[in-house]
Amino acid sequence: KIHEHEDEPEEIRSRENGNSNSYESDQFGAELVHHLSLVRNKRCLTAYVYNRAEVVRSLGWIVDSVLPEEIDEKRLSSSEKEYFKNHIATLQS
């Protein structure tokens with residue numbers, strides 16, 4: 001009778017024997033790793049966006065109210081350009 005369940009995964013055998021702690025802790029561990037990965041990715045993306053905003057703000061002090069073409073066309077996204085325009089308007093007021 002012991003050998004008839006050898007093909008089944010360990011989680012199923014342990015649950016049948018009344019020992020589901022191993023499976024549940026593995027599942028909790030996987031969910032925790034996933035959650036921590038999401039938190040890390042969010043933190044990295046937030047730092048990236050903050051850094052880009054700092055660059056755009058510093059451009060407001062370096063250049064006039066118009067961005068040079070090489071920066072305007074290739075380096076900044078449309079939302080960053082809009083942020084720059086709003087920032088320049090705030091500086092000029």
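Mentor: With a relative accessibility of 22%, R57 counts as partly exposed, a class that lies between buried (under 20% relative accessible area) and exposed (over 50%), judged with a 1.4 Å probe and with protein chains only. This is a predicted model, in which local features need a pLDDT of at least 70 and side-chain atom pairs count only at pLDDT 80 or more, while totals for chains, interfaces and linings use all residues. Residues are numbered from 1 along each chain as its sequence is written, and side-chain values use heavy atoms, with hydrogens and water left out.

The partner of R57 is E54, and the closest N and O atoms of this salt bridge are 2.3 Å apart. The term salt bridge stands for a side-chain nitrogen of Lys or Arg within 4 Å of a carboxyl oxygen of Asp or Glu, and two salt bridges are counted by this rule. In general, side chains of opposite charge can pair when their charged atoms come close. E54 and R57 are three residues apart in helix α2, so about one helical turn separates them; E54, with a relative accessible area of 33%, is partly exposed as well. Helices here are DSSP runs of H or I with at least four residues, strands are runs of E with at least two, and both are numbered from the N terminus.

The other salt bridge joins E80 and R52, whose closest N and O atoms are 2.7 Å apart. Because E80 lies in helix α4 and R52 in helix α2, this pair ties together parts that are 28 residues apart in sequence. E80 is buried at 14% relative accessibility, whereas R52, at 23%, is partly exposed. If residues up to four places away in sequence are set aside, E80 touches R52, V56 and R75, where contact means heavy atoms within 4.5 Å.

Among contacts between residues at least 6 apart in sequence, 46% join residues at least 24 apart.

Finally, a word on confidence, which is given by pLDDT, the predictor's confidence in each residue on a scale from 0 to 100. The protein chain averages a pLDDT of 79, and 74% of the residues score at least 70. Among the elements, helix α2 has the highest mean pLDDT, 89, while helix α1 (residues 10-16) has the lowest, 54.
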